[in-house]
Amino acid sequence: MSLAKRIIPCLDCENGRVVKGVKFLDIRDAGDPVEVSKRYCDQGADEITFLDITASSDNRDTTIHTVEAIASQVFIPLTVGGGIRSLDDIRIMLRAGADKVAINTSAVLTPEFVKEAAEKFGSQCIVVAIDAKQVSLAGEPLRWEIFTHGGRKATGIDAIEWAKRMVAYGAGEILLTSMDRDGTKNGFDLALNRAISEAVSVPVIASGGVGNLQDLVDGITEGKVDAVLAASIFHFGEFSIPEAKEYMASKGIVVR
Amino acid sequence: MNRVVVIDYGMGNLHSVGKALEHVDENISLTITADAQQIRDADRLIFPGVGAMRDCMAEIKRLKIDELLKQARLEKPILGICVGMQAMLSYSEENNGVDCIGLFPGMVKRFKENQVDESGEILKVPHMGWNEVKQTSAHPMWQGIENNSRFYFVHSFFVDPDTDKQDSANIVGESSYPLTFSSAISAENIFAVQFHPEKSQNVGLQLLKNFLSWNGQL
């Protein structure tokens, strides 16, 4: 009897459609977010993460309506990220039916925002999303820094120190994306995931790089994470959620 | 008409539970409110909650929801969820100690950090995700739900009812992380769960459906 490891399909959405880019480029259309969420929920996904990657804020209403539509049909936890900049943004998303919000760039610009958000809404609904990239050179001890603005902007902040600080400020969960691996299908950055997961007391979700089912297993057994997030392997029908769970279970991982 | 009130004391996302209730029975009359008269007039009550206990109790007392619940438990079925369940006990360790409503004797305690499971893995706090609920005694609320089904949890504190006392709640569900804790407790007219049925897909929806027809008896 123990807690199951979670599989979280991620919907990157732009202008109300699910899309998936390779290293944030070459965006392919992957469907209607409400239909896609419902399908994953019916297949046994443990949570849904919805990331709004729309560049402009013009389509904020589209996002809110989409979140409302997903929440009225999907009865598993829903995390919403992208453009969460104020306590009002959080309130609006929670009211639309999100259970958690993912904060990324705004946390870097104003770390105190995470503290205020956790105090106001509770740590259980504050996920801090971290985009990390390896900065150490070959032969040097491994080191990662965090990047903002969808991975385009370097900050010079050490990823492990940042994760610890965000947890101290009240983050209830860390969503950790490797910018080196995102979209590559070469597997998670296991050293990065392990370093962060062992450094913080809260659950860590690994993201970025899943190409096959063994990658999910490795994330848990070697990356030591509590949940694995993937997009393209599910969106384009390469693998289904039940196939992923069956494979993970066959490797001794507890799944729902 | 089945009049269901979700008690709103300003803490957290109550729309999820509302949407889930309407999904399992579109014919209920659902109100999300802290209004005393509507709480008195309801046929059944949902008492949810998220966030920190000190803030929750401050609002519960300000809105006199503690008094309303003490009366309501004599009259109609009440479903407590997460912090709503915890607030039913006498006292919580959270925020350096908070007196709670005290429908039942017992404490709300925090999971210890750096606990290790049987495989040697360090367990994270909060306890977040899908865990098994062992049905430790039969109950109408478990109807149609398999024993040891997995429900969705997210919490750092858990209830420890003082079962030696006469007016204690009965423990009807247990989970482990790695210590065994009460994930469902019950008494006449009250069923309270640590997990989130509104986020627990089919098994959670079944529990909500059971609540909408439960007569409050054990």
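Asp89(A) sits in helix H3 of chain A, which covers residues 87-96; helices (H or I, at least four residues) and strands (E, at least two) are DSSP runs, numbered from the N terminus. This is a predicted model, in which local features need pLDDT of at least 70 and side-chain atom pairs count only at pLDDT 80 or more, while totals for chains, interfaces and linings use all residues. Residues are numbered from 1 along each chain as its sequence is written, chains are lettered from A and ligands numbered from 1 in the order in which they are written, and side-chain values use heavy atoms, with hydrogens and water left out.

**Around helix H3 of chain A**

Asp89(A) counts as buried because its relative accessibility is 17%, where buried means under 20% relative accessible area, exposed over 50%, and partly exposed in between (1.4 Å probe, protein chains only). A polar atom of the Asp89(A) side chain lies 2.8 Å from the backbone nitrogen of Arg85(A). Leaving aside residues up to four places away in sequence, Asp89(A) touches Gly83(A) and Ile84(A), contact meaning heavy atoms within 4.5 Å.

**The interface of chains A and B**

The size of an interface is often given as the accessible area lost when the parts come together. Chain A and chain B bury about 2900 Å² between them, 55% of it on carbon and sulfur atoms, the buried area being the accessible area (1.4 Å probe) that two parts lose on being put together, summed over both. In this interface, 39 residues of chain A are in contact with 35 residues of chain B.

Three salt bridges are found across the interface of chain A and chain B, a salt bridge being a side-chain nitrogen of Lys or Arg within 4 Å of a carboxyl oxygen of Asp or Glu. The side chains of Asp99(A) and Lys199(B) meet in a salt bridge at 2.8 Å, N to O. On the side of chain A that touches chain B, the elements giving two or more residues are helix H1 (33-43), helix H2 (60-71) and H3 of chain A. H3(A) gives the most to that side, with three residues.

**Burial and backbone elsewhere**

Thr148(A) belongs to strand E8 (residues 144-148) of chain A. Apart from residues up to four places away in sequence, Thr148(A) touches Thr105(A), Val108(A), Lys153(A) and Thr155(A).

In chain B, a cis peptide bond with omega of about 10 degrees joins Val125(B) and Pro126(B), and Pro126(B) is placed in the loop between strand E7 (106-110) and strand E8 (127-135). Phi is positive, in a residue other than glycine, at Lys64(B), where it is near 60 degrees, and at Asn189(B), where it is near 70 degrees. Lys64(B) lies in the loop between helix H3 (53-62) and helix H4 (65-72) of chain B, whereas Asn189(B) is found in the loop between strand E12 (180-187) and strand E13 (190-193) of chain B.

| Residue | Relative accessible area | Class |
|---|---|---|
| Thr148(A) | 4% | buried |
| Lys64(B) | 53% | exposed |
| Asn189(B) | 6% | buried |

Key
Polar contact = N/O pair within 3.5 Å; in protein donor to acceptor, adjacent residues only side chain to side chain.
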